[in-house]
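Let's take a walk through the charged pairs of this protein. Have the sequence and the 3D view open as you read.

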Amino acid sequence: MIEAAEKHMHQNEDLTSGYTTADGRRIGDVMMDLKSITLRFGGVVAIQDISFDIRQGEIRAIIGPNGAGKSSMLNVISGFYVPQEGEVWFRGKKRPSLKPYQVAQQGIARTFQNIALFEGMTVLDNVMTGRLNFMKSGWLAQTIWLGKASREETANRQKVEEIIDFLEIQSIRKTPVGRLPYGLKKRVELARALAAEPELLLLDEPMAGMNVEEKEDMSRFILDVNDEFGTTIALIEHDMGVVMDLSDRVVVMDYGKKIGDGTPDEVRNNEQVIAAYLGVPNE
Amino acid sequence: MSADFLYGIEVILNGLMAGVMYALVALGFVLIFKASGIFNFAQGVMALFAALTLVGIMEGQVPFSHLINEVFGTEVHHFGWHVPALLAIAITLFVMVAFAWAVQKFLFKHLVGQEPIILFMATIGLAYFLEGFGDLMWGSNIKTLNLGLPQGGSRVIEDMTAKLGGDDFYGFFIDKLDIVATGVAIVLVLSLICFSQFTKQGRAMRAVADDHQAALSVGISLNFIWVLVWSLAGLVALVAGVMWGAKSGVQFSLSLIALKALPVLMLGGFTSIPGAIVGGLIIGVGEKLFEYLIGPMVGGATENWFAYVLALAFLVFRPQGLFGEKIIERV
């Protein structure tokens, strides 16, 4: 069954060096290539022999019913989980088993399903933590605020302010994150991820629990990020309408297996996908 | 001004200076607790170990000399040199950083994600291990720490303040060592605050204290931060060990200063640096003043228990401490 889906996928992937989307954006080479990933927790198989790739500049969605292993997949990419089998290739190189912080330093930023922000810090401080890997001057110079350290801080601060403007959260810059409503927290988390100027941005259910208006805002931001910064984005989302509108290609998972992969239209008409979402009629 | 009133002020001044020392010890606890959720029972023994190491290095003692002599049948005790104080402090600091690294590498790295009570038990084990290790390394005899710090009451302050009162008042008696200790503690606390506010590592430290998962996702190595906070706690332990050691000798009882930090933590909150400072000052002044005013009525020696009773009363009304974060679960 998987072969069938794969064959289906390859039909629109005969262009080895990327493709052009319907709205005219150019999608480049493979940036992240996941090869036969298998992840087990004790006896439970969370991901079973899944392969797919993420191309430079595209918005790639991972969808599937609850418990399909989508978040586990994202955690494999961001280094929070280490798969038992399979290889992760990034920028044409096989990635050794890295710690999450090392993955982050490679230019892969992420947000979490349940929001992981520094609740005690202000919005500005939270976003500033995204710049930690851009601070190179010594700790002594930083303590006493000397020349290079001071310039560096100013430059980082400027970048952070740009992102804050971009995501329209200027009015809450100095507010401690703990006091913010859910929707805004999600946006601050996106801001912090963007502050790291990632090549690949992983979003775990960026629109979960939002109302229609907030969802529209978030969709707009995701498209703008992709468009203006050229950031490659992989996201997990439950809202089908959103997924179909946003993404260039979609991976569908069910019970830890890949059951579909292709453009939104292809996936929508895939029988297995329809069965996984709506159930198979009894015969 | 009446002499009693002036003596009261003197008591408060001495209390404040004692309080700064309590705050210093409490700070070591707060640093580690904030960043890793570990209540480090070994903080007091770390102070003892740091002081022992400092004395040993200064006097050119051969570490593990007893063991070496037993095994090899030699008779080495001293290298025969004396290391200048500043250099010895630098070497001791290096030893404390190495200790921090070893603790993380061989102990807590294997206990990530364990229950707090398990981590706490691990630090109790660590405390007794370090105590024995210190004895093995430097011997268990009582040592004097002679850094050349000024000792005894300050004549200058006494003379200057003598005129404030009448004939029955002889001026404030303030120990010079206490003044130095207070100065050092204040400098240390201020630089720790600057470090945690303005540097990349400090920012990362606060990030880890707040949320481990989020910290990982922005590229912070938890392992590095934990070694860093244990090193800082080692630095704090060194300063506390030096100051208390200079005052009352380097011996086992030095490790009991950790017990003095407990009521400070209950008062100030386990997660707050300003809390540790204010808590330390309140306990310091409180116990000295209580001893001065109420002590004579109840037969004295109130300093042994006053801090704990105060902390206990505090717990009833404000369990999270003065500055601790109140945890409100949204339902």
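What follows is a short tour of salt bridges.

This is a predicted model, so to speak plainly about its limits: local features need pLDDT of at least 70, side-chain atom pairs count only at pLDDT 80 or more, and totals for chains, interfaces and linings use all residues. Residues are numbered from 1 along each chain as its sequence is written, chains are lettered from A and ligands numbered from 1 in the order written, and side-chain values use heavy atoms, leaving out hydrogens and water.

Side chains of opposite charge can pair when their charged atoms come close. Here a salt bridge means a side-chain nitrogen of Lys or Arg within 4 Å of a carboxyl oxygen of Asp or Glu, and over all chains the count is 25.

Start with A:K215 and A:D239, whose closest N and O atoms sit 3.0 Å apart in a salt bridge. A:K215 belongs to helix 8 (residues 212–229) of chain A, while A:D239 is in the loop between strand 10 (232–236) and helix 9 (240–246), so the pair ties together parts 24 residues apart in sequence. Helices (H or I, at least four residues) and strands (E, at least two) are DSSP runs, numbered from the N terminus.

Helix 8 also holds A:D217 and A:R220, 3 residues apart and thus separated by about one helical turn. Their salt bridge has its closest N and O atoms at 3.3 Å.

Finally, A:D53 and A:R60 form a salt bridge at 3.7 Å between the closest N and O atoms. Both residues are buried (under 20% relative accessible area; exposed is over 50%, partly exposed in between, with a 1.4 Å probe and protein chains only).
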